[in-house]
Amino acid sequence: MSKVFVRFKRTQPATAAILHAQKMATQLSVITASRKAPRLLKLRPEDLIRHQTVTKAWSLFQAEERAEQEAQLRNQYQSTLDAVELLQKISPRLYKSVTTPDNNITVFPRGGLRTPTEYPPTIVWRYQIKPN
Amino acid sequence: MIRSGIRTMASVASKENTKVINSGLILSRIPIVTPDLTEFEKKYYNYQSELEKRLMWTFPYYFYFRKGTLAERRFLKAQKYPVSKQPGVWYPKGIPDIRQNRERRSKQDVILPKEQEDINESLEKISRPVVPNPRTTKADETGDLTSLERKLSRTLYLLLKNKTGEWEFPTFQLKEDDALLHLNAETGLRTLGGKNINTWTVSKTPVAAYENNNGSDITFFIKSHILGGKFDLQENDTYSNFAWLTKDEVKNHIKTDYFNKVDCLLSKV
């Protein structure tokens, strides 16, 4: 009876299976809390009160900001309304030109307004405009 | 019917002639960087971020660094390890509760191994360290009011100083019979500040009306943004100087009743 040796036939499939299992275990461990969760946060009564005060102060602060913004919007609307009404009294021609819808003007500029970032770009402002 | 119609037209026309109509332009440069945080905001955000770090799961470094690699070794070397629990030792700050090299009672500081730093490396090199540009510019240091690069975190408004020494928003009289408010303001701006300016007029509807003291002179304000180029004051008879100012500075420069008219139109950021 003769034996035929085939290289790595015995070991390779087993190693691949282990590696695969290890990979799965690692990936599962990343998305589960076991052994990774910190201890529960137990606040003392005074710390709890401090936390509640901070949270309340923040919500008050935001409510004030919101109220201020809403008031500003109301004032802006009223200001526009007053201006247009005054225009109607003074110059009906301009009033008509102003109140006729014209979609061209409200088109957002191409490549236009830049979103503010935390730090400025290297070229802060482009002083030369492209000729049209 | 027809007669009365004609009469009203005539009366309106005569009324129009008595008043001088100007179109004013509120030209703004929007902020380039995010608004500066107040002291309270800073503290609150810091508090929240510390809370979040305290409640964060332990960083699974084994997921990011393969076992036995140089990268893993460098990472592990850079970490600061907490005090471990030993039998018969008294710990003044409580008994350590360590799992996966993390003290579970406090936040975990994940320290990234430092790459070699060389700020002077050329801009072409993609692996150079990230160095953010400063939020204050040269114009802030020199106090140059005419620069568009000052106060990056605030909205700037263009103000002009007329020959009588008073500051005001650019104001242009409607001269032709068929002139429109927003077009008049745009062409006026270009004759005053040169053609090298790119603006976007938000709407042709005026946002405010300001009557001069005697009431014979009315300015209707149009809102616009500067997108590129710059305002370069040309030789003219009406204005002698210009400045890009924030809302607070605008308040100090113009008359109170004038400011009250435009107060709600200017951004506090």
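**Reading the pockets**

Mentor: Start with the lining of the largest pocket: 17 nonpolar, 13 polar and 12 charged residues. Nonpolar here covers Ala, Val, Leu, Ile, Met, Phe, Trp, Tyr, Cys and Pro; charged covers Asp, Glu, Lys and Arg; the others, Gly among them, are polar. Keep in mind that this is a predicted model, where local features need pLDDT of at least 70, side-chain atom pairs count only at pLDDT 80 or more, and totals for chains, interfaces and linings use all residues. Residues are numbered from 1 along each chain as its sequence is written, chains are lettered from A in the order in which they are written, and side-chain values use heavy atoms, without hydrogens or water.

Trainee: What lies nearest the centre of the largest pocket?
Mentor: A pocket is an open set of points on a 1 Å grid over the protein atoms alone where a 1.4 Å probe fits, with protein on both sides within 12 Å along at least five of seven lines; lining residues have an atom within 4 Å of a point. In this one, A:Q72, B:L266, B:S267, B:K268 and B:V269 lie nearest the centre, out of 42 lining residues.

Trainee: Which element gives the most to that lining?
Mentor: Helices (H or I, at least four residues) and strands (E, at least two) are DSSP runs, numbered from the N terminus. Here α2(A) gives the most, 13 residues.

Trainee: And which element has the largest share in the second largest pocket?
Mentor: That's β9(B), with three residues. The lining there has 26 residues, divided into 14 nonpolar, six polar and six charged.
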